[in-house]
Amino acid sequence: MGVVSYNYESTSPVTPARLFKAFVLEDDKVWPIAALHAIKSIEVEANPGPGSIVKINFVEGLPFQYMKHQIGGHDENKFSYSYSLIEGGPLGDKLEKINYKNKFEAAVGGGTVCKSSLKFYTVGDYVITEDEIKALIKGSEGVYQAIEAYLLANPDACN
């Protein structure tokens, strides 16, 4: 097994507090409404805290039926959270898991800088390429952009 790390940043006109709430605290409510083109439902096993499993079910016609995240933890004061993709989704037979650490920081001119650190744990001798990583990130951007658009169109959501 190998481990490949990758960091990236993106920006959003939405505040860090609202993004954090939409992606972490209210994801099971917001995602199926905001990204109905992709997310069918979200199921949380037990209380949504460290160690809990979150199952994200996708709509028909997407390449994956579901994926499971194991919650690492979150810090509501720093707008940071971590989780591991442990089953389904893009893992296939080449990736054991993907660890994510994300933080929403206030941008200088308003809005948010979203900082992400990913670790890809590969199976066997497989080596994931930067192009493959970028393709995986691009695949998740559709959901991110839909949630961002939802928050912009609904200023009272996630306040």
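**Note on the strands and helices of the predicted model**

1. Ser-41 stands opposite Asn-57, a residue of strand 3. Helices (H or I, at least four residues) and strands (E, at least two) are DSSP runs numbered from the N terminus. The model is predicted: local features need pLDDT of at least 70, side-chain atom pairs count only at pLDDT 80 or more, and totals for chains, interfaces and linings use all residues. Residues are numbered from 1 along each chain as its sequence is written, and side-chain values use heavy atoms, with hydrogens and water left out.

2. Strand 3 (residues 53-58) is largely enclosed by the rest of the structure, because five of its six residues are buried (under 20% relative accessible area, 1.4 Å probe, protein chains only).

3. Strand 2 (residues 39-44) pairs with strand 3 in the antiparallel sense through five bridges; pairing requires at least two DSSP bridges between two strands. Strand 3 and strand 4 (residues 66-75) also run antiparallel, joined by five bridges. Here Ile-56 stands opposite Met-67, and Ile-53 has Gln-70 as its bridge partner.

4. The open sheet has seven strands in the order 1-7-6-5-4-3-2, with antiparallel pairing. Strand 1 (3-12) and strand 2 are at the edges with a single partner strand each, so one side of each lacks a neighbour in the sheet. From one strand to the next, the twist averages 20° (angles run from 0 to 180 degrees between N-to-C directions of axes fitted to C-alpha atoms, for helices over the stretch in contact).

5. Helix 1 (residues 16-25) packs on the sheet, and the strands it touches include strand 1 and strand 7 (112-122); contact means heavy atoms within 4.5 Å. The direction of helix 1 makes about 155° with that of strand 6 (95-106). Helix 2 (residues 27-34) packs on the sheet against strand 2 and strand 3, its direction making about 170° with that of strand 2.

Key
Buried < 20%, exposed > 50% of the residue type's maximum accessible area, 1.4 Å probe, protein only.
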